[in-house]
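Try each task before you read its solution.

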Amino acid sequence: MLGLSSLSTLLLLLLLSPPLLSAQEVLVRLAGVGRRNANEGRVEVFYNGAWGTVCDDEVDLNLANVVCRQLGFQRGFTWAHSAKFGEGQGLIWLDNVRCKGTELSIAECRSNGWGINDCTHAEDLGVICSPERRPGSPAISLEEAPSSSRRQPRQRNPPPSPPAPAQISSSSARGHEIALHRNPTSSRRSSISPQENGHEIQILRRNRGSSRAGPQVSSALPQGHQLPSHLANGASYRQRQETARTSPQAVRREADGQVDRQSQPQQRSDRHQQLSGNHVEPEPVYPDMGLETDAHYTQGSVHLEEARLRPVLSSNHGGLVTEGVLEVKHAGRWRHVCNQGWDLSSSRVVCGMLGFPAAEAFDQNAYRKLWDSKLADPSSRLRTQISKKAYWVEKVQCQGVEVSLSQCQAQLSIPRSDVPCRSGMHAVVRCVPGSQFTRYGRAPAPPAVPPVVRLKAGPRVGEGRVEVLKEGKWGTVCDHLWGITAASVVCRELGFGTAKEALTKAQLGQGTGLIHMNSVQCTGREKSITECTYRQVPLYTCKHSQDVAVRCNVPNTGMQATVRLAGGREPAEGRVEVLMEVRGVKRWGSVCSENWGINEAMVVCRQLGLGFASRAHQETWYWPGSSDAGEVVLSGTHCIGTEMSIQQCRRNTNVYCPRGGDGRAAGVTCVETAPDLVLDAQLVQETAYLEDRPLHLLTCANEENCLSSSAARMNWPYGHRRLLRFSSRIMNLGRADFRPRATRESWTWHQCHRHYHSIEVFTHYDLLTFNGTKVAEGHKASFCLEDTYCPDGIHKRYACYNMGQQGISVGCWDTYRHDIDCQWIDITDIRPGEYIFQVEVNPSLDMAESDFQNNVMRCRCKYDGARVYMFGCHAG
């Protein structure tokens with residue numbers, strides 16, 4: 001008996017368990033956003049009752065061919081990585097998929113196994129197939145999601161289905177009705193998630209004891225059904241369902257929903273007849289589904305676009321508004337937020353949007369007294385305004401890690417509440433400004449603790465490539481899993497607000513040296529990016545073309561309104577005019593061009609939000625100034641280049657400008673992108689050596705003053721000079737070509753070298769003592785800039801010979817070999833000892849760059865009288 005019982009149990013389990021899908025039964029479709037045609041999109045696979053995506057790791061054209069042929073296309077053109085067609089939802093079914101190209105289905109390819117992956121949806125795979133269809137495969141349009149299911153051919157005009165029964169008995173009604181609709185022109189299409197394609201599956205809970213008209217269903221089996229993530233993934237759906245049911249908001253919505261369903265059964269039936277498109281309407285509705293509810297509680301229906309603080313009682317930090325009554329914009333209209341339920345977490349989100357790293361609690365009794373006094377005043381407009389629901393957003397709840405209020409749960413009004421914001425008042429927020437903004441109008445104070453993160457090569461304040469300090473060395477961050485949450489942690493750490501953008505693929509330029517972090521994952525509550533979880537970067541696993549960058553929310557300081565450009569042909573150029581206090585009165589005036597250079601111009605362009613400075617003009621005859629700014633009001637300006645306004649730079653207390661103003665006033669030309677030159681320190685270290693070169697081979701070098709002064713006292717052409725020779729390679733890692741300042745007509749012809757030199761001072765070679773005293777230097781008089789080497793895919797644009805155009809293209813190198821004239825330091829008169837060898841590119845800052853601080857390379861140099869040792873070379 002025991003054996004029969006076990007056998008029957010086993011048979012019952014086998015009958016109840018779902019059959020495994022074969023390779024032919026695994027369906028594939030293309031979905032996503034930004035699709036131009038039906039032959040491209042995000043790859044989604046239907047397996048074990050759920051749609052899921054495919055990770056882009058180890059993908060090649062063989063996989064694209066298999067997927068495209070499975071979908072009925074002749075072949076695959078290419079594949080798209082990093083969620084080009086939008087991030088999917090739910091499961092990631094396949095990872096590390098390797099196909100031979102002959103498989104009939106993606107299920108036949110090798111992979112990690114179903115559901116086994118280490119990816120996120122930011123790595124969802126997409127494919128682009130050839131538009132030609134395989135013989136026997138029906139044509140499709142973009143509205144029809146291509147699917148590999150071919151059990152029933154798709155029909156242009158399907159036969160009408162038999163009429164459904166008018167009523168369904170409540171005793172036999174169990175579970176849900178599933179209605180399939182094919183009306184892409186429905187008015188409800190606008191509310192459907194753009195990632196969903198195919199048919200609509202509408203699930204309606206049967207209402208016991210009531211009659212319901214049955215839906216009309218086509219007898220033909222529709223293709224390409226889309227199951228939503230909350231139905232396809234039962235475990236995660238049940239967890240969210242339980243959380244939502246136990247929350248107080250869900251309890252209130254459930255009570256409200258019962259009243260609505262009992263009072264309006266007919267309206268729900270009518271609404272059911274109008275549904276079409278990719279829509280799923282379960283009951284109850286949960287916040288993460290993005291569907292509207294009667295209470296307008298979900299983040300999908302209440303989108304708070306902007307926020308601002310209206311100062312009422314607080315004094316500003318020199319024009320910086322850090323405290324005030326909160327106002328938010330919804331549907332183009334500004335509203336007040338009720339303080340019922342408002343907490344410090346929500347204030348932190350608001351402050352992040354406004355460019356502040358944190359919020360702080362404070363005593364609001366003064367605001368309450370002012371509120372009560374206005375309500376007691378019969379003539380106050382506030383009494384009539386607060387009674388209108390359009391005046392309020394009644395509830396906002398944030399966790400404090402959101403990037404903006406649009407990610408928080410918001411409620412415009414509370415149902416069945418006649419008085420909005422009962423017993424409350426408007427919410428008040430106080431923000432804590434970053435240290436660089438607390439000294440408004442003056443240069444920022446140095447930080448008490450040395451920073452471990454910085455932004456480099458950013459065109460504006462709060463933008464740049466992220467670099468982290470580890471073990472005394474700066475390095476970049478690789479972009480795998482980089483997202484807005486981690487970017488916000490960086491921004492707050494640097495004294496800004498939350499991040500506006502988390503940039504990948506070196507969009508703000510490539511770094512050099514080490515890459516310290518990869519796969520950075522933050523919760524949003526960390527004080528530093530070093531507290532987030534991350535992976536070490538093994539050698540050669542990540543490139544600087546994957547460096548991350550950020551754009552942060554920056555507070556409105558009003559500094560942009562204290563400088564302007566006049567007379568230029570374009571908004572990004574002109575004579576600089578500043579607003580300064582002259583004899584107790586603020587007035588506009590020009591800037592003296594005495595010592596006006598690229599650093600000062602950089603500060604002006606950044607202050608105006610116009611990027612980098614490409615030129616600093618000391619004469620502006622061709623740019624007429626404004627009529628109210630004829631007087632020079634600023635002179636002796638000296639900037640480091642990191643200041644946020646020209647007013648923060650050092651200047652003369654009393655204006656003194658012997659050059660005069662007008663046509664000799666300072667001007668700038670601003671650009672959005674700039675080059676960035678970096679020296680290859682490793683090449684210098686590897687190629688350094690000594691050579692005793694006879695004087696008769698140094699004739700050209702002597703003409704160009706490439707030797708020490710003692711060479712003139714020698715008996716030419718007899719004797720020799722001891723030279724420290726090395727190769728140098730200069731890379732342009734910026735976002736614009738590096739071009740010489742001089743035009744071709746002013747280039748100098750060098751007979752010895754037989755080519756034109758476009759720049760006189762491009763690099764300094766120096767040998768220094770440990771205290772910085774210069775004991776020898778290279779006198780390379782002039783240079784010819786060209787693309788010596790460019791990586792694959794980049795065309796060489798600049799060459800020295802035949803009076804060609806000169807410069808260094810983005811991503812290319814200009815190499816000066818150790819065996820060319822003047823590529824040395826003459827150390828004939830140097831005593832043996834230890835020194836510092838230094839190479840500096842663009843030393844006079846004649847040409848603009850996005851970052852001047854990486855233009856210097858230094859090495860430890862040991863000279864014993866016969867040999868030289870170079871070690872510890874590093875740039876920056």
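This is a predicted model: local features need pLDDT of at least 70, side-chain atom pairs count only at pLDDT 80 or more; totals for chains, interfaces and linings use all residues.

**Exercise 1. Find which residue of β41 is the bridge partner of Glu 834.**

Solution. Start at Glu 834. Its bridge partner in β41 is Lys 862. Now widen the view to the two strands. β40 covers residues 833-841, and β41 covers residues 856-863. They run antiparallel, and eight bridges join them.

**Exercise 2. Give the strand order of the open sheet of five strands, and name its edge strands.**

Solution. Write down the order: β37-β36-β40-β41-β42. The pairing is antiparallel. Then check the ends. β37 (774-778) and β42 (868-875) are the edge strands, and each pairs on one side only. From one strand to the next, it averages 20°.

**Exercise 3. Give the order of the open sheet of three strands, and explain why one side of β31 and of β39 is left without a neighbour in the sheet.**

Solution. The order is β31-β32-β39, and the pairing is antiparallel. β31 (689-694) and β39 (824-826) stand at the edges. Each has a single partner strand, so one side of each has no neighbour in the sheet. As for the angle, neighbouring strands here are turned by 35° against each other on average, direction ignored.

**Exercise 4. Describe how β31 pairs with β32, and find which residue of β32 stands opposite Glu 691.**

Solution. Locate β32 at residues 720-725. β31 pairs with it in the antiparallel sense, over six bridges. Then pick out Glu 691. Leu 723 in β32 stands opposite Glu 691.

**Exercise 5. Sum up the whole chain: how many helices and strands does the protein chain have, and what share of its residues is buried?**

Solution. Count the elements: 14 helices and 42 strands. Then take burial. Of the 876 residues, 49% count as buried. Next, the surface. The chain exposes about 43,000 Å², and carbon and sulfur atoms supply 50% of that. Last, the contacts. Among those with a separation of 6 or more, 73% come from residues 24 or more positions apart.

Terms used: Residues are numbered from 1 along each chain as its sequence is written. Side-chain values use heavy atoms; hydrogens and water are left out. Two strands pair if DSSP finds at least two bridges between them. Helices (H or I, at least four residues) and strands (E, at least two) are DSSP runs, numbered from the N terminus. Axes are lines fitted to C-alpha atoms, for helices over the stretch in contact, and angles run from 0 to 180 degrees between N-to-C directions. Buried means under 20% relative accessible area, exposed over 50%, partly exposed in between (1.4 Å probe, protein chains only). Contact means heavy atoms within 4.5 Å. Accessible areas come from the Shrake-Rupley method with a 1.4 Å probe; for residues, only the protein chains shown count as cover.
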